[in-house]
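I opened my notebook to look up a few features of one structure. Here it is, with my entries below.

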Amino acid sequence: MHAIGIDIGGTKIAGALVADDGTILAEERQPTPATDPSAIVEIVAGMVERLSDGHTVIATGVAAAGFIDAAQSTVYYAPNISWRNEPFRDSLRARLGMDVTIDNDANAAGWAEFRYGVARDAHDMTMLTIGTGVGGAIVTGDRLLRGGFGTAGELGHLRVVPDGLPCGCGARGCIEQYGSGRALLRMANEIADAGGIGHALSVARDEAGGTLSGGMLAQFLQDGDPGALHALRQLGLWLGQACASLSAVLDPEMFVFGGGVSIAGDALLDPVREAYLAHLPARGYHPEPEFVVAELVNDAGVVGAADLARIHAASIGAAPRG
């Protein structure tokens, strides 16, 4: 049974018609009117109607960055969109007349990897999405962990440095400040400032008007620049330390790394494994999980949202439309 997956970001809304084997049959993208919640409802509703045309669709699932309640109904807070206690599911369901669910975007991406991607043979998986920030998703016993209030899996706000760098969440020392794409740029700039292996980074930064961009750093990594690789190693060591703490609580079979930084592959995973083993409680007596890079990349949000919506619709006996 087909379902619609919608991934709402701060700058764009992606939608897809998704078959029950995770195949994308049709897709569409539009800019996000981030300051106008009513306009977002209208854009998403129109997208769902166009993608559904001529197909039998059981439900729509929406993935969005932010805190979503346990009922998959209300967006408590979204960092890049003007949603504060927004009853988005009810608004969209009234507009569409079909079952609608909402999930955190990292949860949706993690679920897609668990169902159709690199973790499809696992039962317990923890995913970290390394982008501008650090997102997370936890699957335990074949079930997505949402927590009592719906906001579980905010792994980017695991505290790794007491009284460390201030985080946008209001705390200090969160892994997001040491293991994200933004952190990688900060580390690369520090290496550029120090000279030595950072000389090429410093020259490129000066030529670009004093700013290193993510694209520039990605090219340096691809070219094997020693300064950029050293920054990536620092990032990986912090992430590995965090994974060791997560392992003590969650005991996953597999850690999956998604997001833009994950394209570095083993250059990221090698220091992650190294730090994980160095900080793992009872090392030598604790089974070691796999560390892998996500497969679905940009499609994970819509595929996961659609599948979660399909599962919810089946659980309540929702009737298909079309």
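Is Glu295 buried, partly exposed or exposed? I found Glu295 partly exposed, with a relative accessible area of 43%. Buried means under 20% relative accessible area, exposed over 50%, and partly exposed in between (1.4 Å probe, protein chains only).

Notes on the source. This is a predicted model, where local features need pLDDT of at least 70, side-chain atom pairs count only at pLDDT 80 or more, and totals for chains, interfaces and linings use all residues. Residues are numbered from 1 along each chain as its sequence is written, and side-chain values use heavy atoms, with hydrogens and water left out.

Entry: salt bridges. I took a salt bridge as a side-chain nitrogen of Lys or Arg within 4 Å of a carboxyl oxygen of Asp or Glu. The structure holds 14 of them. I looked up Arg120, which forms one with Glu295; their closest N and O atoms are 3.1 Å apart. This pair links distant parts of the chain, 175 residues apart: Arg120 is in the loop between H3 and E9, and Glu295 is in the loop between strand E13 (290-293) and H10. Helices (H or I, at least four residues) and strands (E, at least two) are DSSP runs, numbered from the N terminus. Arg120 is partly exposed too, at 46% relative accessibility.

Next I looked up Glu274, which bridges to Arg233 with closest N and O atoms 2.9 Å apart. Glu274 sits in helix H9 (residues 266-279) and Arg233 in helix H8, 41 residues apart.

Entry: a hairpin. Strands E2 (residues 12-18) and E3 (residues 24-31) run antiparallel, joined by seven bridges. Two strands pair if DSSP finds at least two bridges between them. Five residues lie between E2 and E3 in this hairpin, and Gly22 in the turn has a positive phi of about 85°. Ala16 stands opposite Glu27 in E3. The side chain of Glu27 also meets that of Arg29 in a salt bridge (3.4 Å, N to O).

Entry: the largest pocket. A pocket is an open set of points on a 1 Å grid over the protein atoms alone, where a 1.4 Å probe fits, with protein on both sides within 12 Å along at least five of seven lines; lining residues have an atom within 4 Å of a point. Its space is about 1600 Å³, a volume filled by probe spheres set on the points, which are joined across faces, edges and corners. Among the 50 lining residues, the closest to the centre include Ala65 and Asp105. H3 gives the most to this lining, with four residues.
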